[in-house]
Structures are given as structure tokens and as C-alpha cells.
Amino acid sequence: MAYIGTTHGKIILMGEHSVVYGYPCLALPFFETKVIAETSTITKGQTLYCDFYKGDIQHLPTSMQGLKAVITESLKRLHKENAPLNITITSSIPIERGMGSSAAVAGAVVRSIYHYFDAKLDHNTLLSLIAISETLTHQKPSGIDALTTTSDKALYFIKDKKAQWIHVNLDAELLIVDTGILGKTKEAVHDVASNYHKASIQNALKTLGALTYEAKQAIEERSVETLGRLMTEAHHALQHLGVSSKELDHLVTIAQQYGALGSKLTGGGRGGCMIVLCRPNQKQSLIEALRPHANHIWSILSLIHI
Ligand code: MEV
């Protein structure tokens, strides 16, 4: 019998990077992409099967050391270090696109292991286990990926504080546009940290914090025009931080030319995805304009009742 754990992707609406420095962040669960992990019994050993690896957990490649550390720590906490088992991971979240793939995979695996051993798993324990892998991925995780990929509501989040669920009910749609280029979250987070001493970087982070706070108010007031304008302003602040790329900028320019309410990169940047806020009746023309420059486009059907 297989014991399943699931999580989903995440989209940062506002506040990536600045969230690492204590400013607020707005994030949405992205249910259209999912991770399913299944833990099952085998006669001996501990193995893992996914698209990138099939074999002994001890020999996972360097790029999967975060996941290995999460599995080891989960089994240790459950006093099942040597229990024979196989973990199979199936994911529709593209990797390194700013959609929280690494946190979601770690979260689904932890849920599945705890399920397999019929152990109670509270949310804080889950988040602390995911943090082990996220800290290895990049040293300064804010925790937003872990929280959003394991929660089913939109979040207003400030690092190390209790997150607030927010109710999103907007007459707008959100397109998620994948450049097809791997994002570089680790490198981007590292470069922002190395340049933190510069006033221009601190100002950009502060601006992102203020824009995110205003975006929360715009969501509460259901003002999609204001939210869109704030998103595009946030993209410019992220450009100042040095975390955009020419492909992301190009997609933002096209979206704005075709009348989007707003658009910006989402997640770690330097590749990965951008998002476009639009009126439902603009969606089709925007998709047609963006498609030739995109690897894939998803749409969050409507921002009603997240
Ligand atoms: C990555 O999805 C979001 C960043 O702000 C990093 C983090 O919050 O840990 C870039």
C-alpha cells in the first residue's frame, strides 16, 4: 500500500526578495501544479524514484542533497532511520521557475513519510522540515515557499511572524508565463545580499515592501487597476535589484503594450516566470501576444475566492 503526501505550486504576487529582509509578501497557492509523493514498503534498503533519479536515497545527486537531508531528518524524528521504504515523486511543477518546486517536493515527501508511519504532523513541524532543504538551496529562505506550497489560501506573510490569510475576490485573471529559462534564485538572493550595503539596493527593497503593503489594501478594496499598477512598479524595483532578465523584461513590455493591468516577474527571477494581471475579456489577446515568446502559459481561472 502507498501512503500519499501532496502539495502544490505557489505564485508570489508581490514581495519576492524584499520578504527575505523582513518586508511583507503576498503569495497565492497555485493548484494547477501539484506534487504527489508516495511512500511504500520494500523488502530492504531506502530508494527514491522521480524524473531525475532512480535509486538509493544515500546516493542522491548533489542537486538533491536538500531533499536527502529532509528525508534523513524526518526518519530520525520518527525513530525509523533504517526502515526499508521507497518514495516515488510525481510533480507537475516545473523546476527552477519560481513556483516553489523544491519546497513543494520536500513538503509532499515529509507528508507522505509521516502518513506511512501513521504519525501526527503539525504544520510547524512540516515547515521546519522543509526549511532544512530550503536552507541548503539558498541560505536565506524567508519561508514563504514552504508556507504557500502547503497552504490552500492566499497569504500576507512577514518573515518570522504569523502569516495572515487574505481573501482575494477580484474581477481579474492572472496569467503565469514561463520564459522556459531556468531561474536562478540562489544566485539572485546571494547577489542582493552582497549588494545590501548599497543605498540603492536598500531603497529598492523598501519600495517593494511599501508596494506590497499597498497591494494588500488594493486587494481588500477590490481595486484591480491599482493592484496592476503596483505590480508593474514592483517589476521596476526588482529590475533595480538586479534580479530580472531581458526575457522577463521583454514579456512585461509586451503585456503592458497589450493593455495588461499590470505585470511583473515572480519568484527568484533571472529566468523562470512572470505574471500578468488582466481583465477577463483581455485574457485571450494577451495570451496570443505572449505565446510566441513563452514556453508555457497557465491561467489562474479567476482571482475570485482564493
Ligand atoms: C523565492 O520564491 C522567493 C525569494 O524571496 C526567496 C525567499 O523568500 O526565500 C526570492
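Helices (H or I, at least four residues) and strands (E, at least two) are DSSP runs, numbered from the N terminus. This is a predicted model in which local features need pLDDT of at least 70 and side-chain atom pairs count only at pLDDT 80 or more, while totals for chains, interfaces and linings use all residues. Residues are numbered from 1 along each chain as its sequence is written, and side-chain values use heavy atoms, with hydrogens and water left out.

Q: Why does Leu 208 count as buried?
A: Leu 208 is found in helix H6 (residues 199–220). Buried means under 20% relative accessible area, exposed over 50%, and partly exposed in between (1.4 Å probe, protein chains only). Leu 208 counts as buried because its relative accessibility is 1%.

Q: What percentage of the ligand's area does the protein bury?
A: The ligand is surrounded by 13 residues, the closest being Lys 10, His 17, His 138, Ser 142 and Asp 145; a residue is near a molecule or strand if one of its heavy atoms lies within 4 Å of it. A polar side-chain atom of Ser 142 lies 2.5 Å from an oxygen atom of the ligand, and for Asp 145 a polar side-chain atom lies 3.0 Å from a ligand oxygen atom. Taken alone the ligand exposes 300 Å², of which the protein buries 97%.

Q: With which residue does the side chain of Ser 244 make a polar contact of 2.6 Å?
A: Ser 244 is found in the loop between helix H7 (224–241) and helix H8 (246–257), and is buried, with a relative accessible area of 14%. A polar contact is a pair of N or O atoms within 3.5 Å; within protein, one must be able to donate a hydrogen and the other to accept it, and residues adjacent in sequence count only if both atoms are side-chain atoms. The side chain joined to that of Ser 244 at 2.6 Å belongs to Asp 249.

How values were computed:
Areas by Shrake-Rupley, 256 points an atom, 1.4 Å probe, with all protein chains shown as cover.
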